[in-house]
Protein chains: 2
Amino acid sequence: MAPELHARLDRSSPVPLYFQVASRLQALIERGEIGVGARIENEIDLAERLGVSRPTIRRAIQYLVERGMLIRKRGVGTQVVHPKVRRPVELSSLYDDLVSSGRTPRTEVLQLTVMPVPAQAAAALEIELGTEVTWIERLRYAGGEPLALMHNAIPLGVLRPDRADLAEHGLYELLRRAGHVPRIATQMIGARSATSAEARTLTEKRGASLLTMSRTAWDAAGHVLEYGSHVYRASRYSFELSLSTH
Amino acid sequence: MAPELHARLDRSSPVPLYFQVASRLQALIERGEIGVGARIENEIDLAERLGVSRPTIRRAIQYLVERGMLIRKRGVGTQVVHPKVRRPVELSSLYDDLVSSGRTPRTEVLQLTVMPVPAQAAAALEIELGTEVTWIERLRYAGGEPLALMHNAIPLGVLRPDRADLAEHGLYELLRRAGHVPRIATQMIGARSATSAEARTLTEKRGASLLTMSRTAWDAAGHVLEYGSHVYRASRYSFELSLSTH
DNA sequence: GTCAATACTTTGTCCTGACAAACTCACATG
DNA sequence: CATGTGAGTTTGTCAGGACAAAGTATTGAC
């Protein structure tokens with residue numbers, strides 16, 4: 001087996017042992033030193049060789065199983081099924097996605113007001129009709145071209161962003177910075193034709209196909225953070241996601 | 001605390017103890033007997049009261065944490081964040097989705113041939129251009145109306161379905177029955193306008209917006225099972241998904 | 001040679017015990 | 001009154017052991 005696995009683990013590190021083990025295994029698999037289909041050493045030997053207990057090894061392997069890199073079969077062993085980390089869909093904002101894919105997002109804030117919550121957002125946010133919320137309308141550019149028209153409703157108690165913040169950062173970044181970490185979300189992805197106003201704003205032809213996404217996000221305490229209703233130029237954008245069952 | 005949690009666990013059952021505990025907790029939370037925001041009993045007391053060890057309780061709680069129902073904080077405790085099970089996106093077929101939402105799917109097999117793999121599918125399936133595959137074109141109805149036009153490419157070694165099977169079952173069911181369990185998939189969701197042929201088949205107007213989804217699925221051993229390229233009537237269908245970070 | 005019983009390997013479940021780290025809150029101190 | 005110190009609570013990590021269940025390979029009977 002590869003040399004990395006022989007190196008001693010750092011017991012003085014704040015990084016948990018199971019995570020150190022998982023990271024090493026992951027690196028070996030990503031570099032192809034343990035090929036797809038190959039079996040890794042059994043848990044008991046691995047534990048002994050690395051000088052940790054079997055539960056620690058199991059936890060490390062479990063971590064990689066959940067990421068879709070490994071699968072285990074009782075009586076058989078643990079096999080590599082995929083060399084890349086297949087992250088489940090992430091709870092990220094378009095802004096972060098664009099940045100991490102090397103593009104340069106720019107945001108134009110079209111509207112920023114406090115107003116009674118629109119009907120569709122009220123249901124999603126689980127708040128009374130008539131309650132005031134911050135209502136935001138933004139136009140997101142990537143590579144100099146308009147990409148998406150975004151509408152958000154945010155409860156007043158959660159965040160009161162200003163135009164400058166919104167122009168320079170993603171909404172999720174602002175939420176996180178305010179101590180509201182999005183943890184859970186439900187999304188609906190659909191499609192429809194652009195209205196003439198939308199077509200004009202997005203520099204598309206009238207009736208062009210748009211990808212729609214609406215999302216409600218909650219924090220760890222179960223409080224609603226935001227409702228968003230966005231349209232994307234289907235000619236420039238699509239959603240990509242990986243799934244795994246375990 | 002609610003009475004269900006007091007009932008004795010069944011140690012003779014093949015259902016693991018941690019799962020029995022998780023199921024009970026889940027039921028209590030879903031019925032609202034432990035409200036959102038409420039803290040559940042700490043692990044050590046819970047373990048003692050149910051007569052199991054703390055690792056078993058931890059595993060049960062972990063299971064619900066991963067499903068987005070509970071969150072834990074060191075030094076604080078474990079809280080209910082959402083009363084419904086938030087399943088992560090599932091690796092299921094449209095057919096199964098329709099059945100489980102109480103609709104009655106019907107499938108019309110438009111084409112079923114063995115032919116050289118189309119270029120787009122070759123890349124997704126990671127096979128040589130020119131290799132022969134089973135090529136399927138299906139029209140899926142729900143509630144008497146056409147809903148989706150589906151194209152699939154399947155390696156010959158994986159499955160050789162016949163028309164009758166395809167008309168009566170979902171593709172994923174056939175795959176599973178043949179011993180090929182889909183475990184990992186990558187999907188792209190986008191949108192575009194219908195061609196006139198598509199519009200005719202789906203009884204939409206020409207140029208109507210369609211939701212597109214292409215997917216590649218692998219089994220546990222990392223073998224490619226299928227590539228699918230589907231279009232859905234955006235007026236009748238959208239994708240719904242829940243996400244959580246943990 | 002075929003097929004069933006058996007031994008072996010490997011992961012799955014569960015236990016007890018221990019200490020560490022993060023958080024809360026009361027209390028003493030300036 | 002503000003502040004930080006320390007005790008108490010709760011989850012996080014880790015050890016080591018035991019047996020069960022599922023699969024694989026070998027062996028033996030017919």
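Helix 3 of chain A is the biggest contributor to the surface near DNA strand D, giving 4 residues. Helices here are DSSP runs of H or I with at least four residues, strands are runs of E with at least two, and both are numbered from the N terminus. Keep in mind that this is a predicted model, where local features need pLDDT of at least 70, side-chain atom pairs count only at pLDDT 80 or more, and totals for chains, interfaces and linings use all residues. Residues are numbered from 1 along each chain as its sequence is written, chains are lettered from A and ligands numbered from 1 in the order in which they are written, and side-chain values use heavy atoms, with hydrogens and water left out.

So who else sits around DNA strand D? There are 26 residues around it, and the closest are Leu17(A), Ser53(A), Thr56(A), Arg59(A) and Arg74(A). Of the atoms of DNA strand D that come within 4 Å of the protein, 71% are sugar and phosphate. A residue is called near a strand if one of its heavy atoms lies within 4 Å of it. Both protein chains take part: at least two residues each come from helix 1 (17-30) and helix 3 (54-66) of chain A, and from helix 2, helix 3, strand 2 and strand 3 of chain B. By class, that surface has 8 nonpolar, 8 polar and 10 charged residues. For the classes, Ala, Val, Leu, Ile, Met, Phe, Trp, Tyr, Cys and Pro count as nonpolar, Asp, Glu, Lys and Arg as charged, and the others, Gly among them, as polar.

Zoom in on the phosphates of DNA strand D. A polar backbone atom of Tyr18(A) is 3.3 Å from a phosphate oxygen. From chain B, a polar side-chain atom of Asn42(B) lies 3.1 Å from a phosphate oxygen, and a polar backbone atom of Glu43(B) is 3.0 Å from one.

From chain A, an N or O atom in the side chain of Asn42(A) is 3.2 Å from a phosphate oxygen, while Thr78(A) places a polar side-chain atom 3.3 Å from one.

Next, follow helix 1 of chain B (residues 17-30). Several of its residues are buried, including Leu17(B), Val21(B), Leu25(B) and Ile29(B), where buried means under 20% relative accessible area (1.4 Å probe, protein chains only). Their cover includes helix 2 (43-50), helix 3 (54-66), strand 2 (70-73) and strand 3 (77-80) of chain B. After the helix comes Gly32(B), with a positive phi near 80°.

Last stop, the sheet of chain B. Its 3 strands form an open, antiparallel sheet in the order 1-3-2. Strand 1 (39-40) and strand 2 are the edges, each pairing on one side only; strands pair if DSSP finds at least two bridges between them. Strand 1 is joined to strand 3 by 2 bridges, and Arg39(B) stands opposite Gln79(B) in strand 3.

Definitions and conventions
Buried means under 20% relative accessible area, exposed over 50%, partly exposed in between (1.4 Å probe, protein chains only). Contact means heavy atoms within 4.5 Å. A polar contact is a pair of N or O atoms within 3.5 Å; within protein, one must be able to donate a hydrogen and the other to accept it, and residues adjacent in sequence count only if both atoms are side-chain atoms.
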